[in-house]
Amino acid sequence: MQFGVTKESQCHYLTDQEERLVVALPNDLENLNADAYQQLMQYGFRRSHNDVYRPHCRLCSACQSLRVVVPEFRFSKNQKRILKKNDDLTLQIKQQPEADYSQLFSQFIEQRHADGEMYPPDPDKFWNWIDCDWLTPELLEWRNASNELMIVSVVDRTADAMSAVYTFFHPDEEKRSPGTFAVLEMIRLAQEREVARLYLGYQIDDCKKMNYKTRFAPYERLVGNHWKKELKSHTLKAQNKD
């Protein structure tokens with residue numbers, strides 16, 4: 001597999017930094033599949049549609065891939081309370097978006113991320129972004145007793161790992177802690193499937209929208225080219241509510 005380096009551009013997460021990526025350049029889609037992607041994730045790669053990339057910035061190393069050590073994870077008392085608070089929700093796993101997914105996505109972006117790169121919301125562009133020709137993402141949906149859609153998480157699954165791609169939820173249901181609940185449910189599902197790691201994307205300590213992942217210990221961070229294990233959760237003052 002060949003790789004290329006992008007030109008520098010403005011970082012989406014740290015406004016005082018320039019972003020540069022290493023991008024996998026397969027000759028054709030047959031070079032990429034779930035097994036190959038699992039190996040690439042071990043080196044800090046993520047995907048966007050069919051593209052696989054990792055940060056390769058000249059002057060910054062703030063983005064660190066983070067993965068939960070699934071077999072060793074134990075739910076804390078507070079995490080159990082969050083699960084209990086959402087025990088009226090039912091999980092179903094889909095492979096195609098349902099009719100009400102796009103409406104919920106648009107509400108979420110408009111009310112929670114009007115200052116982000118996905119605003120204004122474009123559901124068609126979003127579904128193309130999470131779609132993939134060499135891997136079928138799972139759509140985890142949670143509905144209440146009235147069948148109202150509350151949360152949707154997009155997850156990639158490989159033989160021995162899961163990777164959280166994106167989560168959106170009902171913007172008026174903050175009391176449920178829906179973002180935290182979705183991650184806890186992913187961990188529980190990973191434990192049921194007996195996979196070793198749940199990848200949560202890039203931890204950026206100085207970005208309040210991206211620094212929540214250290215709540216889910218034990219976890220490992222990719223520092224340089226080595227995974228460093230941390231056993232305790234870290235609650236940063238800059239973290240957003242979810």
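Predicted model: local features only at pLDDT ≥ 70, side-chain atom pairs only at ≥ 80, totals over all residues.

Biologist: Which residues have the most contacts inside the largest nonpolar core?

Modeller: They are Phe126, Ile151, Tyr166, Phe168, Leu198, Leu200 and Phe216. The core has 44 residues. Helix α5, residues 178-193, gives the largest share of this core, eight residues. Another core lies apart from it, with 13 residues, including Ala24, Leu40, Met41 and Phe45.

Biologist: What does Leu200 touch, leaving out residues up to four places away in sequence?

Modeller: Leu200 touches Arg46, Leu66, Val68, Ala164, Val183, Tyr212, Lys213 and Phe216.

Biologist: Why is α2 called roughly perpendicular to α5?

Modeller: Look at the angle. The axes of α2, residues 77-85, and α5 cross at roughly 100 degrees. Angles of 65 to 115 degrees count as roughly perpendicular. The crossing falls in that range, so α2 is roughly perpendicular to α5. The two axes come within 10 Å.

Biologist: Which residues meet where α2 and α5 are in contact?

Modeller: From α2 come Gln79, Ile82 and Leu83. From α5 come Thr180, Phe181, Leu184, Glu185 and Arg188. The residues of this contact divide into four nonpolar, two polar and two charged.

Biologist: Why is Ile204 counted as buried?

Modeller: Its relative accessibility is 1%. Buried means under 20%, so Ile204 counts as buried. Ile204 lies in the loop between β12 and β13. Leaving aside neighbours within four places in sequence, Ile204 is in contact with Tyr13, Leu14, Ala62, Cys63, Met210 and Asn211.

Biologist: How far apart are Ile204 and Glu18 in sequence and in space?

Modeller: Ile204 and Glu18 are 186 residues apart in sequence. In space, they are 14 Å apart, C-alpha to C-alpha.

Biologist: How do you know that Asn147 counts as exposed?

Modeller: Exposed means over 50% relative accessible area. Asn147 is at 52%, so Asn147 counts as exposed. Asn147 sits in the loop between β9, residues 138-143, and β10, residues 149-158. Its phi is positive, about 70 degrees, although Asn147 is not a glycine.

Biologist: And what makes Glu194 exposed?

Modeller: The cut-off is over 50%. Glu194 has a relative accessible area of 69%, so Glu194 is exposed. The loop between α5 and β12 holds Glu194. Phi of Glu194 is also positive, near 60 degrees, in a residue other than glycine.

Biologist: Where are the prolines joined by the cis peptide bonds you list?

Modeller: Pro120 is in the loop between α3, residues 101-112, and α4, residues 123-130. Another cis peptide bond joins Ala217 and Pro218, with omega about 5 degrees. Pro218 lies in the loop between β12, residues 197-203, and β13, residues 219-223.

Methods
Residues numbered from 1 in each chain as written. Heavy atoms only, no water. Core = buried A, V, L, I, M, F, W, Y, C linked by side-chain atoms within 4.5 Å. Buried < 20%, exposed > 50% of the residue type's maximum accessible area, 1.4 Å probe, protein only. Helix = DSSP H or I, 4+ residues; strand = E, 2+ residues; numbered from the N terminus. Contact = heavy atoms within 4.5 Å. Axes fitted to C-alpha atoms, helices over the stretch in contact; angles between N-to-C directions. Parallel < 35°, antiparallel > 145°, perpendicular 65-115°, else oblique. Nonpolar A, V, L, I, M, F, W, Y, C, P; charged D, E, K, R; others polar.
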